[in-house]
Amino acid sequence: MLAGFHEWLVVRLGRGHDLTWPALVRHLAPAGWIHPLTPHADIEAVATLFQLLGEFLDQREQPDGLARIFRDYQSWLNTQSWYHFETAGTDQIS
């Protein structure tokens, strides 16, 4: 049911591919990342989670929705300098 949720959140936040989806949701909450989590920030994070889940499921239900989510994630990855592994030319290998 949540396949693609992590990738969708990463694209939405524009960073955080190495974070879990709960951490991404906390970053997307109105107060942003707060540690330790205050009671008010917890309420905002839960409300944000439900809002994001609704938006994600709406997008995922669209024709080709899940494929589009993964294509958007792949496009985002391609913009990241750390994602591209540069190999040494054959003349540079000893």
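Contact here means heavy atoms within 4.5 Å. Helices are DSSP runs of H or I with at least four residues, numbered from the N terminus. The model is a predicted one, in which local features need pLDDT of at least 70 and side-chain atom pairs count only at pLDDT 80 or more, while totals for chains, interfaces and linings use all residues. Residues are numbered from 1 along each chain as its sequence is written, and side-chain values use heavy atoms, with hydrogens and water left out.

Just after H1, glycine 14 takes a positive phi of about 85°.

The packing leads to the nonpolar core, defined as a set of buried Ala, Val, Leu, Ile, Met, Phe, Trp, Tyr and Cys residues joined through side-chain atoms within 4.5 Å. The largest such core has 15 residues, of which Phe5, Trp8, Leu9 and Val25 touch the most other members. Two or more residues each come from H1 (5–13), H2 (21–28), H3 (39–61) and H4 (65–78). H1 gives the largest share, five residues. Leaving aside residues up to four places away in sequence, valine 25 touches Phe5, Leu9, Ala45, Thr48, Leu49 and Leu52.

Charged pairs come next. The structure holds two salt bridges, each a side-chain nitrogen of Lys or Arg within 4 Å of a carboxyl oxygen of Asp or Glu. In one of them, glutamate 55 pairs with arginine 12, and the closest N and O atoms are 2.6 Å apart. Glutamate 55 belongs to H3 and arginine 12 to H1, so this bridge ties together parts that are 43 residues apart in sequence. Glutamate 55 is partly exposed at 27% relative accessibility, and arginine 12 is partly exposed at 41%; the term covers values between the buried limit and the exposed one, which is over 50%. Arginine 71 and aspartate 64 also meet through their side chains in a salt bridge, at 2.9 Å from N to O. Arginine 71 is partly exposed at 43%, as is aspartate 64 at 44%.

Methionine 1 lies in the segment before H1 and is exposed, with a relative accessible area of 73%.

Note on methods
Buried < 20%, exposed > 50% of the residue type's maximum accessible area, 1.4 Å probe, protein only.
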